[in-house]
Amino acid sequence: MLNKWEGIVLRTGPYGETNKVVTFLTREAGKVTAMARGAKKPASRLAAVTQPFTHGIFMVYKGKGMGTLQSGDALRTMRHLHHDIMATAYASYIAELMDRLIEDNQPSSGQFELLRQAFHAIDEEYDPEAITLFVEWKMLPVAGIHPVLHQCASCGATEGEFAFSFQEIGFLCHRCFHVDPYLIRLSPSHLRLIRTFYNVPIEQVGKLTLKPATKKFMRKIVRTIYDEQVGVRLKSASFLDQLDRMPSFGRQEQAADGTEDKKEPDDECSAPENLP
Amino acid sequence: MHYPEPISKLIDSFMKLPGIGPKTAARLAFHVLDMKEDTVLEFSKALVDAKRDLTFCSVCGHITDTDPCRICKDESRNKTMVCVVQEPKDVIAMEKMRDFNGLYHVLHGAISPMDGIGPEDINIPDLLKRLQDETVQEVILATNPTIEGEATAMYISRLIKPSGIRTTRIAHGLPVGGDLEYADEVTLSKALEGRREL
């Protein structure tokens, strides 16, 4: 049966001399894998549309086994994602995270929409590290983690000082700090930011101006959850770490675009201004 | 199917080659049985020699039987230009063209975030060492027009540019003899982007 799906290429792998196996996340059918015959030949019409991160309409013939990609039309080629190494690195991280967490053939337009918004935002030159944090927080439920962020995970209190507990996977109020000896104290702005990352759709968030220290803090929390609770270690994370160690590519330098530390943390996520 | 041991070993050996399945391997193995002994010995010697005698050039990283390789030793070549490619096969493709008279640098791979291959895993440090020599005035980045190739080119250009060496990227666009009508949008847009005045 020939299907017309809107999708984004998550990854490709070689198959034989001239073919590629392409994994897409589609709006209609979830994550699907299809064979793109001849896509490695230079003159193939499939060569360009099967590049990672391409958003397009794909015609896939699907029988019992792996489908075959018949044709594709790019809706957006994500040019910036291909021309900026930090954007490429973070987009690869997002694609790998989605690929690892999402099961095949389970339709979910929400996951597709998250990926589309994230890639479009990075392509529009929004801070890729901040966008990646959004995706990491929003993918936690897909990984089976439902952090308690609206109240204290232990007593249910909604007022007071809060900290993040990896044991309880959520916030703990000051009255319950004794429950977890390894908790991480949160400022009110961190609290709001975590809730924003988890709950607010990417396209409803305005221009992000997160301080490097804030991003590092958020990254530490979410990566610890993935490491300890989900057990997912991504290859692209080690690539980001390699870039980090290089003086001219580190995350600190990349993020220090005039937002360096004078502002109150409240200014870090500005009012909605609608991302693409 | 039970083959005598020497044949099944030969079939297994052929199956280690890319694109060779059990049937093709069996066909090749039986073909070897029909070959003359001298030819078979020559064939096996060629395999062993290729493995034993070939090494990587200590200057450019290309495969060679002498170190430095013939290209690096050739005094008639333009030493002010270095063309950076992903694989030794790419050097051979460039040499077939006969239009380029500069030197090469083989990276033996490309940066691939998805596969966790970073700058430390390919032959970039040696390139940087080569560029400390002031004779090099231009670096041509001829990595593949894929996401990995682009990432590698971007990375190298960002490292080299502060040193003042001219860094260029090979053009992308329509294949010679191709038809505009059948070109995809991405290729066409790249071709338009790289247009030049006549």
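In the predicted model, the secondary structure of chain A comprises nine helices and eight strands. Of the 276 residues in chain A, 56% are buried. Among the contacts in chain A with a separation of 6 or more, 63% are between residues 24 or more positions apart.

The largest nonpolar core contains 108 residues. Within this core, the residues with the most contacts are Met98(A), Phe119(A), Trp137(A) and Ile221(A). Helix 3 of chain A supplies the largest share of the core, with 12 residues. The surroundings of Ile221(A) consist of Trp137(A), Phe164(A), Phe166(A), Ile184(A), Leu186(A) and Ile194(A), when residues up to four places away in sequence are not counted.

Val21(A) is located in strand 2 of chain A, which spans residues 19-26. Its relative accessible area is 18%, so Val21(A) is classed as buried, the cut-off being under 20%. With residues up to four places away in sequence left out, Val21(A) touches Arg11(A), Thr12(A), Gly13(A), Tyr15(A), Thr33(A), Ala34(A), Met35(A) and Met66(A). The C-alpha atoms of Val21(A) and Gly170(A) are 39 Å apart, and the two residues are separated by 149 residues in sequence.

The interface between the two chains involves 32 residues of chain A in contact with 29 residues of chain B. Together the chains bury about 2600 Å², of which 60% is on carbon and sulfur atoms. Eight residue pairs are in polar contact across the interface, with both residues at pLDDT 80 or more. On the side of chain A that touches chain B, the elements giving two or more residues are strand 1 (2-15), helix 2 (79-83), helix 3 (85-101) and helix 8 (235-245) of chain A. This side of chain A is made up of 12 nonpolar, 11 polar and nine charged residues.

One salt bridge is counted between chain A and chain B. It is formed by the side chains of Arg79(A) and Glu193(B), with an N to O distance of 2.6 Å. The pair joins two chains, because Glu193(B) belongs to helix 8 (residues 185-193) of chain B and Arg79(A) to helix 2 of chain A. Both partners are partly exposed: the relative accessibility is 46% for Glu193(B) and the relative accessible area is 36% for Arg79(A).

Ser92(A) is placed in helix 3 of chain A, an element that contributes two or more residues to the side touching chain B. With a relative accessible area of 2%, Ser92(A) is buried. Apart from neighbours within four places in sequence, the contacts of Ser92(A) are Phe53(A) and Ser236(A) in chain A, and Pro113(B) and Met114(B) in chain B.

Over all chains, the structure holds 23 salt bridges. In one of them, the side chains of Asp123(A) and Arg76(A) meet at 3.0 Å, N to O. This pair links distant parts of the chain, 47 residues apart: Asp123(A) is in helix 4 (residues 109-123) and Arg76(A) in strand 5 (residues 67-76) of chain A. Asp123(A) counts as buried, at 12% relative accessibility.

Within chain B, the side chains of Glu95(B) and Arg77(B) form a salt bridge with an N to O distance of 2.8 Å. Glu95(B) is in helix 5 (residues 88-97) of chain B, while Arg77(B) is in the loop between helix 4 (70-73) and strand 3 (81-85) of chain B, so the pair ties together parts that are 18 residues apart in sequence. The two partners fall into separate accessibility classes. Glu95(B) counts as partly exposed at 28% relative accessibility, whereas Arg77(B) is buried, with a relative accessible area of 10%. In chain A, a network of salt bridges links Glu6(A), Arg27(A), Glu113(A) and Arg116(A).

Note on methods:
Residues numbered from 1 in each chain as written. Chains lettered and ligands numbered in written order. Predicted model: local features only at pLDDT ≥ 70, side-chain atom pairs only at ≥ 80, totals over all residues. Heavy atoms only, no water. Contact = heavy atoms within 4.5 Å. Buried area = accessible area lost by both parts, 1.4 Å probe. Salt bridge = Lys/Arg side-chain N within 4 Å of Asp/Glu carboxyl O. Polar contact = N/O pair within 3.5 Å; in protein donor to acceptor, adjacent residues only side chain to side chain. Helix = DSSP H or I, 4+ residues; strand = E, 2+ residues; numbered from the N terminus. Nonpolar A, V, L, I, M, F, W, Y, C, P; charged D, E, K, R; others polar. Core = buried A, V, L, I, M, F, W, Y, C linked by side-chain atoms within 4.5 Å. Buried < 20%, exposed > 50% of the residue type's maximum accessible area, 1.4 Å probe, protein only.
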